[in-house]
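User: I am new to this structure. Please show me how to read it.

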Amino acid sequence: MTETEQPPEQPQLYLLSPHVIELSRFPDQLGRVLDAHAVACIRLTLATRDEDTIARAADACREVAHARDVAIVLTDHVSLAERLGLDGVHLMDAAKSVRDARKTLGPDAIVGSNCGTSRHAGMSAGEAGADYISFGPISGIADEATAPDDLFQWWSEMIEVPCVAEGGLTAHSIARLAPMTDFFGIGEEIWAADDPAAALTTLTAALK
């Protein structure tokens, strides 16, 4: 390496919440993880459609995140994200809602787009104004389609929009994909552990 060359930047951590949050314990868990690790963003990925439940979870998690200067986004609920003072949204329909979300939330909000395993969907979302694209799962169940390494390799070489690798991550896949992605989206891999912060340390050891 010459004096002018810089080492490649390590991917950042992007946390996905559990689909069901226990407000009596999860905000404390989240705080401990954020205190132990540098996290770029948190995504609330709640299974419920009940707006009151989402709002209570979002309020609690936003307080924890913003106290540590960490951004927090909500899956799909654009109007709720705006009303609850969150930093943006993560859209599950690839490029379809990106322009509308940007129009509603404004230029400073985070708008992310889940594009599954589709290069075309990722490019369309990027062209529509997404701040980042997520691809995954990295490993799946039975016949579930998974995002191959060459998708991340191609994206990293050809496209400037940042990408997230998520879904069924392991220490091995994180080490393998580290040179090809900007973020690792980590959620269910750690939340079932007795100590999620320690589980995240083990999972991401290759990034140290």
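**Reading the fold**

Analyst: The protein chain has nine helices and eight strands. Helices (H or I, at least four residues) and strands (E, at least two) are DSSP runs, numbered from the N terminus. The radius of gyration, taken over C-alpha atoms, is 17 Å, close to the 17 Å of the globule rule for 208 residues (2.2 Å times the number of residues to the power 0.38), so the chain is as compact as a globular protein of that length. This is a predicted model: local features need pLDDT of at least 70, side-chain atom pairs count only at pLDDT 80 or more, and totals for chains, interfaces and linings use all residues. Residues are numbered from 1 along each chain as its sequence is written, and side-chain values use heavy atoms, leaving out hydrogens and water.

User: How much of the protein chain counts as buried?

Analyst: Buried means under 20% relative accessible area, exposed over 50%, partly exposed in between (1.4 Å probe, protein chains only). Of the 208 residues, 50% count as buried.

User: Which residues of helix α4 are buried?

Analyst: An α-helix has 3.6 residues a turn, so residues three or four places apart point the same way. In α4 (residues 98–105), the buried ones are Val-98, Ala-101, Arg-102 and Leu-105. Down the axis of α4, they fall within an arc of 100° (directions from the helix axis to the C-beta atoms), so they line one face. Arg-99, Asp-100 and Lys-103 are exposed on the face turned away from that buried side.

User: What do the buried residues of α4 pack against?

Analyst: Contact means heavy atoms within 4.5 Å. The buried residues of α4 pack against α3 (78–83), β4 (88–91), β5 (110–114) and α5 (119–128). Gly-106 follows α4, with a positive phi near 90°.
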